[in-house]
Amino acid sequence: TAGAPIKCKAMVARGPKQPMVEEEITVMPPQAGEVRVKVIANALCHTDIYTLDGHDPEGLFPCILGHEAGCVVESVGEGVTSVKPGDHVIPCYTPQCCETTCVFCQSPKTNLCPKIRGTQGQGVMPDGTVRFKDKDGKDIFHFMGCSTMSEYTVIAEISCAKINPDAALEKVCLFGCGVSTGLGAVWNTCKVETNSTVAVFGLGAVGLSVIQGAKIAGAIKIIAVDVNPKKFEIAKQLGATDCVNPKDIDKPIQQHIAGVMTQWGVDYSFDCTGKTEIMRAALECCHRGWGTSCIIGVAASGHEISTRPFQLVTGRVWKGTAFGGFKSRSQVPVLVERNLRGDLDIDHYITHRFKGVGETNAAVDALHSGDCLRAVVEY
Ligand code: NAD
Ligand code: AHE
Ligand code: ZN
C-alpha cells in the first residue's frame with residue numbers, strides 16, 4: 001500500500017538554458033494506478049538536453065527531467081496489480097495500457113498508446129496533479145511520464161516495464177530510450193531485410209544502435225555518417241562498412257551516397273541527428289523506387305522538413321519512429337533477457353559514469369564533450 005511522502009534529492013530544471021539545481025524535494029505517495037520507484041541509475045539522452053535548452057514546444061519549468069532509468073518499486077497505489085514493492089522496472093515514456101478497447105495497443109502496427117499522452121505532455125499525472133513539491137511546497141512538473149533525475153519518482157503503472165531482477169539496473173537502464181529506439185527503428189519500423197543497404201546519419205547512442213540492429217538484421221552495406229570523425233571507430237566495431245564525414249565531401253552528402261558510394265541510393269536510411277536538413281539528405285540518399293527513410297531525431301521547435309515531392313513520386317518513403325515501435329511493457333523485458341543471455345551487448349554505449357544525482361550536470365557536460373555516448377549516473 002502507498003506510504004508517506006518521501007524527502008529526497010532531485011535535479012530541478014528551473015528554466016530553459018540554465019544548469020539544473022540539486023534540491024531537496026518531497027515525493028508524494030502514488031495515487032490509484034501509480035507506482036513510486038527508487039531510481040537506481042539514470043542515463044542522459046539527448047532529448048533531456050533538448051528540453052533543458054528550451055527547444056521542446058512541450059517543455060515546462062520547473063520540472064524534473066530524465067527518462068532512461070533503472071528503478072526498484074518502493075510502493076504502489078490503489079488498484080496496481082502488475083508490479084509490487086521490490087520489483088525491478090524500467091520506466092517507459094511510451095506506455096502500454098493493454099486495454100481491449102485501446103485500438104493502438106490492440107494493433108500490431110504501432111506502439112503509440114495514447115492513454116496518458118495528454119497529461120504527460122502537460123507535465124502532470126493522469127489525474128491532472130503532480131507528485132513533486134519543492135522546499136516551499138510549490139509544484140514541480142513531471143517530464144515524459146518519467147522524471148528520473150530524482151532519487152524517487154512516481155510513474156503510471158502502464159509506464160512500468162517489469163524486468164528480470166538479475167539484470168544490472170545501472171546498465172539495462174539504456175533500454176529505457178536510446179538503444180531500444182535505434183534497434184526498434186531497424187527491426188520494427190523499417191523491418192530491414194538481409195542483404196539491405198543502410199545509411200545512418202548521426203552516430204550517438206541512437207545512430208550506433210541503428211548500426212548494431214542493421215548488422216543483426218543482415219544488412220550488407222552500412223554507411224555511417226557524422227561530422228565528428230571520433231565516432232567512426234566504434235561505428236565500424238558495431239558493423240559499419242563505410243564511414244563518411246560530410247565535411248570531407250565536395251558535394252551534398254545525399255549525392256555522394258546515391259551516386260558514388262552506391263548506384264541508386266540505399267534501401268534504408270535513418271536520421272539520428274534531429275536536424276531537418278539532415279532529414280532531407282537522409283530521404284534523398286534513398287533508392288529510387290523503394291528506399292525508405294526513417295526520422296528518429298527530434299527537431300527543435302519551429303523547424304520543419306521539406307523536399308521536392310518528386311522524391312516521393314519516384315518511390316521513396318518517409319516515415320518516423322517513437323521508441324523504435326516497441327510496445328514497452330511487453331517488449332522491453334525481452335530486450336533485457338536477450339542482453340542477459342549475451343546476444344545483445346550494450347556495454348559499449350556507456351562511456352561515462354557518475355555517482356550521485358547531484359552529479360547530473362557533470363554528466364550533461366560529458367554529453368556535450370563529443371566523446372560521450374551514454375553517461376550513466378548511479379544514485
Ligand atoms: P547524440 O547527440 O549523442 O548524437 C547525435 C550525433 O549526431 C552526434 O554524434 C553528432 O556529432 C551527430 N551530428 C550532428 N550534426 C550532424 C550533421 N550535420 N551530420 C551528421 N551528423 C551530425 O544524440 P542521441 O542521444 O544519439 O540522440 C539522437 C537524436 O535522436 C536526438 O535528436 C534525440 O532527441 C533523438 N531521439 C529520438 C527518439 C525517438 O523515439 N524518436 C528516442 C531517443 C532519441
Ligand atoms: N515534445 C516534442 C516531441 C519530442 C519527441 O518527439 N519525443 C520522442 C521521444 S524522444 C526520446 O528521447 C517521441 O517518442 N515522441 C512521441 C511522443 O508521444 O512524445 C514536441 O515536438 O512537442
Ligand atoms: Zn530519450
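1. Let's start with the domains of this predicted model.

2. Residues are numbered from 1 along each chain as its sequence is written, while chains are lettered from A and ligands numbered from 1 in the order in which they are written. Because the model is predicted, local features need pLDDT of at least 70 and side-chain atom pairs count only at pLDDT 80 or more, whereas totals for chains, interfaces and linings use all residues.

3. Where the domains meet, 12 residues of domain 1 are in contact with 9 residues of domain 2 (contact: C-beta atoms, placed from the backbone, within 7 Å). On the domain 1 side, α1 supplies the largest share, 3 residues. That side has 4 nonpolar, 5 polar and 3 charged residues. Here Ala, Val, Leu, Ile, Met, Phe, Trp, Tyr, Cys and Pro count as nonpolar, Asp, Glu, Lys and Arg as charged, and the others, Gly among them, as polar.

4. Ligand 1 has a shell of 31 residues, with H46, G202, G204, V206 and G274 the closest (a shell residue has its C-beta atom, placed from the backbone, within 6 Å of the molecule). The elements giving two or more residues to this shell are α1 (46-52), α5 (178-189) and α6 (205-217); helices (H or I, at least four residues) and strands (E, at least two) are DSSP runs, numbered from the N terminus. Ligand 1 lies between domain 1 and domain 2, because both give residues to its shell. By class, 16 of the shell residues are nonpolar, 12 polar and 3 charged.

5. Around ligand 2 you will find C45, T47, D56, P57, E58, R117, C177, V298, A322 and F323. This shell has 6 nonpolar, 1 polar and 3 charged residues.

6. Now the parallel sheet: 6 strands form an open sheet in the order β12-β11-β10-β13-β14-β15 (strands pair if DSSP finds at least two bridges between them). At its edges are β12 (242-244) and β15 (317-320), each pairing on one side only. From one strand to the next, the twist averages 20 degrees. Strands β13 (residues 268-271) and β14 (residues 292-295) are joined by 4 bridges, and Y268 has T292 as its bridge partner in β14. Helix α9 (residues 276-284) packs on this sheet and touches β10 (197-201), β13, β14 and β15; its direction makes about 175 degrees with that of β13. Axes are lines fitted to C-alpha atoms, for helices over the stretch in contact, with angles from 0 to 180 degrees between N-to-C directions.

7. There is also an antiparallel open sheet of 4 strands, in the order β1-β2-β6-β7. Its edge strands, β1 (6-12) and β7 (139-140), each have a single partner strand, so one side of each is left without a neighbour in the sheet. Two strands of this sheet, β2 (residues 21-27) and β6 (residues 132-133), are joined by 2 bridges, and T26 has K133 as its partner in β6.

8. Finally, the record. An unreviewed UniProt entry lists residues 32-162 as "domain: Alcohol dehydrogenase-like N-terminal"; this span is 12% helix and 26% strand. The entry lists residues 205-330 as "domain: Alcohol dehydrogenase-like C-terminal", a span with 33% helix and 16% strand. Positions follow the numbering used here, feature names are shortened, and annotations may be inferred rather than shown by experiment.

Technical notes: Domain bounds come from an automatic or database domain assignment. Two residues are in contact if their C-beta atoms, placed from the backbone, lie within 7 Å.
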